[in-house]
Amino acid sequence: VSHGTRYSLTFRTVHHLNRASTIVIGDSNTCSFKFGEDPKRSFGKYLPGKQVYAPLISDIEPTDACGYMNVAILCGVNNIKQTDIKTPADIKKVFKCFVNKIND
């Protein structure tokens, strides 16, 4: 180390509970999912995370999933309930939209 040179070291750690961090992105069926410390009212401290409301595939924001170990997407039923969805081919189009959104 040369004279006058300053080095700074930063040590960081991720809490061991964060290894189970989960985000649930979904429609109204997932709104009752609660994350938090209280095991009687939530998943408890061993499953930290959050729930994001996304009733339609177009409402999914891929960046919401950043920083989470597990991502559960429970969305798309409302897309299939649209009046213009009448055949299996229409459902396949919705699925392709979903896949494209996830690939973003």
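I23 stands opposite V71 in strand β3. Strands here, like helices, are DSSP runs numbered from the N terminus (strands E, at least two residues; helices H or I, at least four). β1 and β3 run parallel and are joined by 5 bridges. β1 and β2 also run parallel, again with 5 bridges between them. Strands count as paired if DSSP finds at least two bridges between them. In β2, the bridge partner of G26 is Y53.

This is a predicted model, in which local features need pLDDT of at least 70 and side-chain atom pairs count only at pLDDT 80 or more, while totals for chains, interfaces and linings use all residues. Residues are numbered from 1 along each chain as its sequence is written, and side-chain values use heavy atoms, with hydrogens and water left out.

**Overall layout**

The chain has 2 helices and 3 strands. From the N terminus on, the elements run β-β-β-α-α. Of the 104 residues in the chain, 24% are buried. Buried means under 20% relative accessible area, exposed over 50%, and partly exposed in between, with a 1.4 Å probe and protein chains only. The chain exposes about 8100 Å², and carbon and sulfur atoms supply 55% of that area. Accessible areas come from the Shrake-Rupley method with a 1.4 Å probe; for residues, only the protein chains shown count as cover. Among contacts between residues at least 6 apart in sequence, 58% join residues at least 24 apart. A contact means heavy atoms within 4.5 Å.

β1 is mostly covered, with 5 of its 5 residues buried. In a regular strand the side chains alternate between the two faces of the sheet. Both faces of β1 are covered: T22, V24 and G26 are buried on one side, I23 and I25 on the other.

The largest nonpolar core has 10 residues: I23, I25, V52, A54, I57, I60, C75, I85, V94 and F98. The elements that give two or more residues to this core are β1 and α2 (88-103). A nonpolar core is a set of buried Ala, Val, Leu, Ile, Met, Phe, Trp, Tyr and Cys residues joined through side-chain atoms within 4.5 Å. In soluble globular proteins, nonpolar side chains tend to be buried together.

**The loop between β1 and β2**

T30 sits in the loop between β1 and β2. T30 counts as buried, at 2% relative accessibility. A polar atom of the T30 side chain lies 2.8 Å from the backbone oxygen of D27. Beyond four places in sequence, T30 touches V24, Q51 and L74.

S42 lies in the loop between β1 (22-26) and β2 (49-53). S42 is buried too, at 16% relative accessibility. Its side chain has a polar atom 2.6 Å from the backbone oxygen of D38. The S42 side chain also reaches the backbone nitrogen of G44, at 3.1 Å. Not counting residues up to four places away in sequence, S42 touches K34, F35, G36 and E37.

**N70 at β3**

N70 lies in strand β3 (residues 70-74). Which residues does N70 touch, not counting residues up to four places away in sequence? They are A20, S21, T22 and I23. The side chain of N70 makes a polar contact with the side chain of T22, at 3.4 Å. A polar contact is a pair of N or O atoms within 3.5 Å; within protein, one must be able to donate a hydrogen and the other to accept it, and residues adjacent in sequence count only if both atoms are side-chain atoms. N70 and I23 are 47 residues apart in sequence, yet 6.4 Å apart in space, C-alpha to C-alpha.

| Residue | Relative accessible area | Class |
|---|---|---|
| C66 | 55% | exposed |
| C97 | 39% | partly exposed |
| N70 | 36% | partly exposed |
| K92 | 53% | exposed |

K92 is found in helix α2. A disulfide is a pair of cysteine sulfur atoms within 2.5 Å. By this rule the count is 0 disulfides.
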